Every structure is written in structure tokens, then in C-alpha cells.
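Please open the model in a viewer and keep the selection panel at hand. The stops below are given in the order in which they may be selected.

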Amino acid sequence: QDVAQAWSLVETVFRAAPSAELEASLDALAQRMGLPEKRIWLTRRLQRYHRGDTDADEPVDPQLAFVECDRDADQLRQLRRPAG
């Protein structure tokens, strides 16, 4: 878990100020990670991706749209139908 946390920190700094030294550090840390650390790393990376990679204190939830339609009919055609 420490290696995955170190990788996340180095990645954050690398994205703010890329350098060859940081890139080499990322590669070295990736080589040191075992399967459990890679699972932790992937989970954190997916969370950042789905949050929109914002630096806000509160994660921004994506906008949702709810549509009523008939399950037995062509759903795509119903979605494209003008509201009325």
C-alpha cells in the first residue's frame, strides 16, 4: 500500500510539473508494486478518473437525466423523440 501511495503522490507531482526524473521514479515504483498494490493504485486511479480529476474538496457528481419510456418499444427511438 505504501508503494501505491508513493506512486500516486509522484504521479500528482509529475502531472503538475513533468520531468524525466519523475517519470523514471514512476517506472521504478510501478516495477516494485505487487498485485495488491496495483489493485489499490487502480482503484484510486479510477476514482480520480470518474471524479473528473478535480482538485475540489467535494467531488463533483455527474449530471444525471431520467427518461420515461416503454420497455417493450424501441428505446433509442423514444429517447430521440421530441418532448411533448
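**A tour by selection**

Select Glu-11 to begin: this residue is buried, with a relative accessible area of 5% (buried means under 20%, exposed over 50%, partly exposed in between, with a 1.4 Å probe and protein chains only). Glu-11 lies in helix α1, residues 2–16 (helices are DSSP runs of H or I, at least four residues, numbered from the N terminus). Display its surroundings next: beyond residues up to four places away in sequence, Glu-11 touches Leu-26, Arg-45 and Arg-48 (contact means heavy atoms within 4.5 Å).

The model is predicted, and local features need pLDDT of at least 70, side-chain atom pairs count only at pLDDT 80 or more, and totals for chains, interfaces and linings use all residues. Residues are numbered from 1 along each chain as its sequence is written, and side-chain values use heavy atoms, with hydrogens and water left out.

Now select Val-3, Ala-4, Trp-7, Val-10, Leu-22, Leu-26, Leu-29 and Met-33, the eight residues of the largest nonpolar core (a set of buried Ala, Val, Leu, Ile, Met, Phe, Trp, Tyr and Cys residues joined through side-chain atoms within 4.5 Å). Helices α1 and α2 (20–32) each supply at least two residues of this core, and the largest share, four residues, comes from α1.

Centre on Met-33: apart from neighbours within four places in sequence, Met-33 is in contact with Val-3, Ala-4, Trp-7, Lys-38 and Trp-41.

Finally, move to Leu-76 in helix α4, residues 75–80. Leu-76 is partly exposed, with a relative accessible area of 44%.
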